[in-house]
Amino acid sequence: MRYVLFLSLLFSNICFADAISSLRTFLNQTQTWQAEFEQVQPMAPNSNQKIKIRRLDTKEGEVYMAKPNKLRWETKGSNARLVVSDGKTLWHFDKTLKQVVRQKLSNTPEATPSAIFRGAQSLEENFNLENETRADGLLGVKLTPKDENSPFFEIHLGLEDGAPKALEFSDAYGFESRMTFYKSKHNKKMNPNLFSF
């Protein structure tokens, strides 16, 4: 019995080591990454409802990332939004309100979900990494921002076949979100216009 317990503990530690090493390998060997995603986040109950039911808002979109610091994150449908970075400037565009917010990339928080994809060195400069067991069977890494002023409490990343498959995070305002990635592609040539606003 002790032998079985020892083996199970040893195996779980090996799985844990694989999670962080898989993430490091992905970040070090990936120059570009793209995927489709589904984003689910809780919504406040409708005040007119007699029974308060926690509803979910589901969005779909596409993400494109390229080193260094280039990003295109686009959600579709109602309340569509677009986030674009050319490596120097970050744009947030709310298509419904037709409003644009522009920021210099150096002025944006480093410990954010998108910061995960900037590279292994940047990742470990901004986050404490911890292996975790996930209910969905994916290799799991928990990321806690080192900066106490980060708007995010913690970020959970699930890996499948060495690539991001699931991402969950919560922030200081009580906002929660879960993303599932599909049709993931690595190191494919990308149109530079994807990162221009």
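**View 1. The salt bridge between aspartate 94 and arginine 81.** In this predicted model, the side chains of aspartate 94 and arginine 81 meet in a salt bridge with an N to O distance of 3.5 Å. A salt bridge is taken here as a side-chain nitrogen of Lys or Arg within 4 Å of a carboxyl oxygen of Asp or Glu. The pair links distant parts of the chain, with aspartate 94 in strand S5 and arginine 81 in strand S4 (residues 81-86), 13 residues apart. Strands are DSSP runs of E of at least two residues, and helices are runs of H or I of at least four, numbered from the N terminus. Aspartate 94 counts as buried at 12% relative accessibility, whereas arginine 81 is partly exposed at 48%. Buried denotes under 20% relative accessible area, exposed over 50%, and partly exposed the range in between, computed with a 1.4 Å probe on protein chains only. As the model is predicted, local features need pLDDT of at least 70 and side-chain atom pairs count only at pLDDT 80 or more, while totals for chains, interfaces and linings use all residues. Residues are numbered from 1 along each chain as its sequence is written, and side-chain values use heavy atoms, with hydrogens and water left out.

**View 2. The salt bridge between glutamate 74 and lysine 95.** The side chains of glutamate 74 and lysine 95 form a salt bridge of 2.7 Å, N to O. Glutamate 74 belongs to strand S3 (residues 70-75) and lysine 95 to the loop between strand S5 (89-94) and strand S6 (99-104), so the pair ties together parts that are 21 residues apart in sequence. Glutamate 74 is buried at 16% relative accessibility; lysine 95 is partly exposed, with a relative accessible area of 31%. The count of salt bridges by this rule comes to 11.

View 3. A salt bridge of 2.4 Å, N to O, joins the side chains of glutamate 168 and arginine 178. This pair links distant parts of the chain, glutamate 168 lying in strand S10 and arginine 178 in strand S11, 10 residues apart. Glutamate 168 is buried, with a relative accessible area of 15%, and arginine 178 is partly exposed, with 34%. Salt bridges that share partners join Arg134, Asp136, Glu168 and Arg178 into one network.

**View 4. The surroundings of arginine 134.** Arginine 134 is placed in the loop between strand S7 (127-133) and strand S8 (139-145), and at 11% relative accessibility it counts as buried. Its side chain makes polar contacts with the side chains of aspartate 136 at 2.7 Å and glutamate 168 at 2.9 Å. A polar contact is a pair of N or O atoms within 3.5 Å; within protein, one must be able to donate a hydrogen and the other to accept it, and residues adjacent in sequence count only if both atoms are side-chain atoms. Leaving aside neighbours within four places in sequence, arginine 134 is in contact (heavy atoms within 4.5 Å) with residues including His156, Leu157, Ala166 and Arg178.

View 5. Strands S7 and S8 pair in the antiparallel sense over seven bridges, a pair requiring at least two DSSP bridges between the strands. Glutamate 132 has glycine 140 in S8 as its bridge partner. Five residues separate S7 and S8 in their hairpin, and glycine 137 in the turn has a positive phi of about 85°. S8 and S9 are also antiparallel, with five bridges, and form a hairpin with six residues between them. Leucine 143 stands opposite isoleucine 155 in S9.

View 6. Eight of the nine residues of S10 (residues 163-171) are buried, so the strand is largely enclosed by the rest of the structure. Eight bridges join S10 to strand S9 (residues 152-160) in an antiparallel arrangement, in which glutamate 160 is opposite alanine 163. The hairpin of S9 and S10 has two residues between the strands, and aspartate 161 in the turn has a positive phi of about 55°. S10 pairs antiparallel with S11 (residues 176-186) over five bridges. Four residues lie between S10 and S11 in their hairpin, and glycine 174 in the turn has a positive phi of about 85°.

**View 7. Serine 177 in strand S11.** Serine 177 lies in S11 and is the bridge partner of phenylalanine 169. Serine 177 is buried, with a relative accessible area of 5%. A polar contact of 3.1 Å joins its side chain to that of glutamine 39. Beyond neighbours within four places in sequence, serine 177 is in contact with Gln39, Val40, Gln41, Leu167, Glu168 and Phe169.
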